[in-house]
Amino acid sequence: MSIHSNLEKIKNHINDKVTLVAVSKTKPLEDIKIAYDYGHKDFGENKVQELIKKAQDLPNDINWHMIGHLQRNKVKYIVSFIYLIHSVDSHKLLSEINRQACRIRKIINVLIQVDISEDGSKFGFSETNVINYLENFNIDDYQNIKIKGLMGMASFSYDEELIKKQFTLLNKIYQKFKKKFEFEYLSMGMSGDYKIALNCNSNMIRLGSNIFGKR
Ligand SMILES: *Cc1c(COP(=O)(O)O)cnc(C)c1O
């Protein structure tokens, strides 16, 4: 299957309120270029170094999404060009993004990552912690950040009921804070589980292998 036909197939499956983030991690520039020339603008990477390199070498109207764990000391390298950081998993990281964004007088869009998987292998706030955090969060204290929504990854499992339960939980938290933060993005769903995620109200899916093939 070609990157073109994969994209075509997926785009026919989803409605235009859903943002498709093409996860290009580990894939060469040529693959991204093919998707880009086809008209695709949203790409996701999970490593800062790779992200910077690709952003330098590719057209600058690409929307770059940081979807992997982000170390605080690397925030400064991406704030100037990043479109959306999906992986804010601690208050310290959020403060650092705000600080670096302030330095260059920008507002950075972020999502709060929630660990819905219950296997403890994923980054993110726990359910209880994220609820506490968002309840007590004073938006005016962080002028250079806009929390646009939530991101989560379900367990790697064939148990569709379990995955559905985890996505439903994330949507519940999303709905609870939607008004306060004017949320726009619920980022959940990968190649293996995006159909379940869309049924649970996801409007941003992150697909790698379905588009670019196995890694
Ligand atoms: C790699 C990755 C994806 C895409 O995974 P696929 O199974 O290839 O679709 C999505 N989200 C995150 C956070 C990832 O690290």
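Here is a quick briefing on the salt bridges and pockets of this structure.

The model is predicted, so local features need pLDDT of at least 70 and side-chain atom pairs count only at pLDDT 80 or more, while totals for chains, interfaces and linings use all residues. Residues are numbered from 1 along each chain as its sequence is written, and side-chain values use heavy atoms, with hydrogens and water left out. There are nine salt bridges (a side-chain nitrogen of Lys or Arg within 4 Å of a carboxyl oxygen of Asp or Glu), and the largest pocket holds about 680 Å³ of space.

**Salt bridges between distant parts of the chain**
- Lys41 pairs with Asp61, with 3.5 Å between the closest N and O atoms.
- Lys41 sits in the loop between helix H2 (29–37) and strand S2 (42–45), and Asp61 in the loop between helix H3 (48–57) and strand S3 (63–66), 20 residues apart (helices, H or I, at least four residues, and strands, E, at least two, are DSSP runs numbered from the N terminus).
- Lys41 is partly exposed at 31% relative accessible area, and Asp61 is partly exposed at 37% (buried is under 20%, exposed over 50%, partly exposed in between, with a 1.4 Å probe and protein chains only).
- Lys148 and Glu184 form a salt bridge at 2.7 Å, N to O.
- Lys148 is in strand S6 (residues 145–152) and Glu184 in the loop between helix H7 (160–181) and strand S7 (185–188), so this pair ties together parts 36 residues apart in sequence.
- Lys148 is buried at 11%, whereas Glu184 is partly exposed at 39%.

**Salt bridges elsewhere**
- Asp57 and Lys53 meet at 2.5 Å, N to O, and both lie in helix H3, four residues apart, or about one turn.
- Glu45, Glu50 and Lys54 are linked in a salt-bridge network.

**Largest pocket**
- A pocket is an open set of points on a 1 Å grid over the protein atoms alone, where a 1.4 Å probe fits, with protein on both sides within 12 Å along at least five of seven lines; lining residues have an atom within 4 Å of a point.
- Volume is the space filled by probe spheres set on the points, which are joined across faces, edges and corners.
- Of its 29 lining residues, Phe156, Met190, Ser191, Gly192 and Arg215 are closest to the centre of the largest pocket.
- Helix H8 (194–199) gives the most to this lining, with three residues.

**Second largest pocket**
- The second largest pocket has about 160 Å³ of space, and its lining includes Phe137, Tyr142 and Lys180.
- S6 gives the most to this lining, with three residues.
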